[in-house]
Amino acid sequence: MDHLNTPNMEEAARAILARNDRGGYTVPTDRLYPFQWNWDSAFVAMGFALFDVDRAYRELERLIEGQWADGMIPHIVFHAPSDTYFPGPEVWGTRHAVPTSGITQPPVFGMALRQIHETATTFGTPDAEERTRALFQAALRSHRWWLRARDPDGIGLVSILHPWESGSDNSPAWDDALARVPVTTKTVIRRKDTGHVDPSMRPRDEDYQRFIHLVDLYRECGWDPQRQWATTPFKIADVQMTAILARATADLLHLAERLGSEEERSELADMHQVLVRGLSRRWRPDLSRFVSLDLVSGQDVEAPTQAGFIPLIAVMLDGHQRGAATAEIERWTDGMVVGVPTTPSWSAAFEPKRYWRGPVWAVINWLICDGLRLNGTEDLARRIEQMTVQAIERAGFCEYFDPTTGEGLGGDTFSWTAAAYLVLKRRS
Ligand code: GLC
């Protein structure tokens with residue numbers, strides 16, 4: 001890989017971000033993902049913040065060009081056409097001026113905004129306050145959307161209505177719920193991903209049909225959140241999503257203390273309390289992790305996946321929980337060349353090379369480490385950060401890594417892996 005010939009990996013990481021720049025926004029990687037993706041951009045913006053605050057702001061500003069009138073920030077913004085990806089704008093059939101998908105992704109946005117603002121303030125960037133204020137309002141509108149559209153019954157957990165919303169598209173966590181979704185589609189499926197990447201690393205065709213069945217269904221609901229909520233066979237109150245929303249809410253509250261009104265502060269504080277309470281109820285002592293809830297079947301989602309540890313970024317565990325969660329993360333990582341696997345090797349669902357069924361993602365490790373640090377578990381956080389940095393140094397800025405061999409897999413020259421490298425390298 002050409003970037004590995006560059007002596008300085010940090011330079012190489014910045015070069016990837018430059019190469020994937022399409023004019024103020026960054027594509028996750030060329031061809032496989034040729035548009036702007038929601039949570040990718042938030043991670044990328046935190047990477048940019050380390051060396052180019054203006055560009056970091058720009059990434060978020062371009063993302064909210066896709067924000068809907070009801071506050072939702074879509075998972076893809078199709079700024080410019082490309083024929084290397086399916087499903088494109090014509091399949092989604094949404095109405096926003098800049099074409100977008102019709103579903104969302106984890107709201108890392110608020111976490112990124114706080115970090116960018118703090119860096120900008122440290123360096124005395126002249127227009128920082130004004131830019132932060134505008135993005136803060138966008139983030140607040142999106143958090144209101146989350147609670148209104150995705151927790152209408154006020155249980156303190158927000159739901160995903162499509163596996164792609166979770167960001168962990170092909171996770172075993174969705175298997176039972178996805179099995180209820182018919183494989184019939186109105187859209188003709190023309191997969192492009194398997195032309196770019198080895199099909200054995202990508203979702204199976206049958207799962208893809210179910211993914212598209214849901215897109216067809218929601219398009220027929222006119223993308224109306226209430227109709228979708230009422231008709232969907234796939235509705236999971238997800239602890240990873242809720243944790244990211246809760247953490248981002250805490251970060252927005254922090255910003256509101258400087259820039260917001262009294263009403264905004266109390267609104268965010270209430271939102272935060274509701275989400276943290278909801279999450280705290282999802283701890284399962286017998287599993288040493290948090291579990292999501294399938295709202296259609298009423299069952300806990302017990303499949304072991306990384307999602308069970310993401311609440312550490314939002315919830316302060318008690319001593320017993322902290323010890324148990326830390327031991328469990330270590331158990332998942334023991335014997336692996338690179339941890340933390342997204343599914344542990346002892347699970348029947350473990351596939352070390354297939355999308356979200358075992359491989360390691362640098363950005364997931366970043367979140368897990370933030371959670372461990374917040375909970376005072378510095379040592380393990382540092383170990384995972386070092387392991388992640390070394391994996392990237394060995395295999396390059398790949399989309400993800402085989403935990404059993406360290407091999408780099410999926411797309412190459414990946415933006416969020418480059419951003420993760422820049423951030424984690426400084427810490428390790
Ligand atoms: C895949 C991942 C998702 C990511 C996207 C772009 O769909 O599962 O998390 O946002 O690729 O990188």
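Tutor: The model is a predicted one. Let us start with glutamate 61, which has a relative accessible area of 19%.

Student: Why is glutamate 61 called buried?

Tutor: Buried means under 20% relative accessible area. Glutamate 61 has 19%, so the label buried applies. This residue belongs to helix H3, residues 53-63. Apart from neighbours within four places in sequence, glutamate 61 contacts Arg131 and Leu135.

Student: What makes threonine 231 count as partly exposed?

Tutor: The class lies between the limits of 20% and 50%. Threonine 231 has 46% relative accessibility and therefore counts as partly exposed. Threonine 231 is located in helix H11, residues 225-231. With neighbours within four places in sequence left aside, its contacts are Leu217 and Cys221.

Student: Why is aspartate 300 described as partly exposed?

Tutor: Aspartate 300 has a relative accessible area of 29%, so the description is partly exposed. Strand S8, residues 300-301, contains aspartate 300. Not counting residues up to four places away in sequence, aspartate 300 touches Arg282, Arg284, Val291, Ser292 and Leu293. Its C-alpha atom is 9.9 Å from that of arginine 284.

Student: How do you know which term describes the relative direction of H12 and H13?

Tutor: Helix H12 (residues 239-259) and helix H13 (residues 262-280) pack at an angle of about 155°, and their axes are 9 Å apart. Angles over 145 degrees count as roughly antiparallel. H12 and H13 are therefore roughly antiparallel to each other. The contact involves residues including Leu245, Leu252 and Leu253 of H12 and Leu268, Met271 and Leu275 of H13. By class, this contact comprises 14 nonpolar, three polar and two charged residues. H12 passes H13 in a left-handed crossing.

Student: Which residues touch the most other members of the largest nonpolar core?

Tutor: That core has 140 residues, and Phe43, Phe234, Ile384 and Phe397 touch the most other members. H12 contributes the largest share, 11 residues.

Student: What does phenylalanine 234 touch?

Tutor: With residues up to four places away in sequence not counted, phenylalanine 234 touches residues among them Ile160, Trp174, Leu178, Leu214, Tyr218 and Val296. Contact here means heavy atoms within 4.5 Å.

Conventions. Residues are numbered from 1 along each chain as its sequence is written. This is a predicted model: local features need pLDDT of at least 70, side-chain atom pairs count only at pLDDT 80 or more; totals for chains, interfaces and linings use all residues. Side-chain values use heavy atoms; hydrogens and water are left out. Axes are lines fitted to C-alpha atoms, for helices over the stretch in contact, and angles run from 0 to 180 degrees between N-to-C directions. Helices (H or I, at least four residues) and strands (E, at least two) are DSSP runs, numbered from the N terminus. Angles under 35 degrees count as roughly parallel, over 145 as roughly antiparallel, 65 to 115 as roughly perpendicular and the rest as oblique. A crossing is left-handed if the near helix is turned anticlockwise from the far one by less than a right angle, and right-handed if clockwise. Ala, Val, Leu, Ile, Met, Phe, Trp, Tyr, Cys and Pro count as nonpolar, Asp, Glu, Lys and Arg as charged, and the others, Gly among them, as polar. A nonpolar core is a set of buried Ala, Val, Leu, Ile, Met, Phe, Trp, Tyr and Cys residues joined through side-chain atoms within 4.5 Å. Buried means under 20% relative accessible area, exposed over 50%, partly exposed in between (1.4 Å probe, protein chains only).
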